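Biologist: Before I rely on the labels attached to this model, I would like to hear the criterion behind each one. Could we take them one at a time?

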Amino acid sequence: MRLSFLIKHYFFSAFRELFVHHHGSLEFRAKLFALVIAANEEAKVENYILVKKIGVDIYKNDEDRANLLMLSTKEFVNKIRENNEFTMDTLVLSIQRELRQAPRYAKKIDTESLKEFIALSHDRDTISYQENIVEFLEKLKEEILHEKKSQIQKDEAAIIPRY
């Protein structure tokens, strides 16, 4: 990575909300990737390379944004590994809370991309754990989208006058 990007990242991490366009969306995706990566205690650099590759695809070749996604993901994984107060459970709760507040984020849960991280794992227990996480996220996505669709139908029914 370029030195200019690293300096920019250091500055942006402190003031991400102010300077990064749609920082909430980027941070949500980083949490999803971190959840699957942190499930593998032997996660390697290949996981973060994959995050960057997926980020380049998502952000239409915006390398800086893909790098921010990768570094944000790495920050969350490091937080889980180094901080006793920030665990996989708190990350799951954070994801659930964000989905309740912004149901549109459910569309950002791309389980096919998340499954690519499972291929980087070698331990059967880790693979099973990661598969369960991806399955949980898929069910959560479906639940949120179903709730959103039901709410839209209720809203439309309330608007349409009955004669």
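Biologist: Why is K60 called exposed?

Modeller: K60 has a relative accessible area of 70%, and exposed means over 50%, buried under 20% and partly exposed in between, with a 1.4 Å probe and protein chains only; K60 is therefore exposed. The model is a predicted one, in which local features need pLDDT of at least 70, side-chain atom pairs count only at pLDDT 80 or more, and totals for chains, interfaces and linings use all residues. Residues are numbered from 1 along each chain as its sequence is written, and side-chain values use heavy atoms, with hydrogens and water left out.

Biologist: What is the backbone phi of K60, and where is K60 found?

Modeller: Although K60 is not a glycine, its phi is positive, at about 50°, and K60 belongs to the loop between α4 and α5, where helices are DSSP runs of H or I with at least four residues, strands are runs of E with at least two, and both are numbered from the N terminus. N61 is found in the loop between α4 and α5 and, while not a glycine, has a positive phi of about 65°.

Biologist: Is N61 buried or exposed?

Modeller: N61 has a relative accessible area of 63%, so it is exposed.

Biologist: Why is V56 called buried?

Modeller: V56, which sits in helix α4, has a relative accessible area of 18%, so it falls on the buried side of the cut-off. Not counting residues up to four places away in sequence, V56 touches N61 and A66, a contact being heavy atoms within 4.5 Å. The C-alpha atoms of V56 and L69, 13 residues apart along the chain, are separated by 9.5 Å.

Biologist: What makes a set of residues a nonpolar core, and which members of the largest one touch the most others?

Modeller: A nonpolar core is a set of buried Ala, Val, Leu, Ile, Met, Phe, Trp, Tyr and Cys residues joined through side-chain atoms within 4.5 Å. The largest has 41 residues, of which F33, I37, I95, L99, L114, F117 and L137 touch the most other members. The helix α3 gives the most to this core, with 10 residues. Leaving aside neighbours within four places in sequence, F117 is in contact with F33, V36, I37, N47, L50, V51, I54 and Q130.

Biologist: What is the composition of the protein chain in secondary structure, and how much of it counts as buried?

Modeller: The chain comes to eight helices and zero strands, and 41% of its 163 residues count as buried. Among contacts between residues at least 6 apart in sequence, 73% join residues at least 24 apart.

Biologist: Which residues lie nearest the centre of the largest pocket?

Modeller: Of its 13 lining residues, N40, E42, L120, S121 and H122 lie nearest the centre. A pocket is an open set of points on a 1 Å grid over the protein atoms alone, where a 1.4 Å probe fits, with protein on both sides within 12 Å along at least five of seven lines, and lining residues have an atom within 4 Å of a point.
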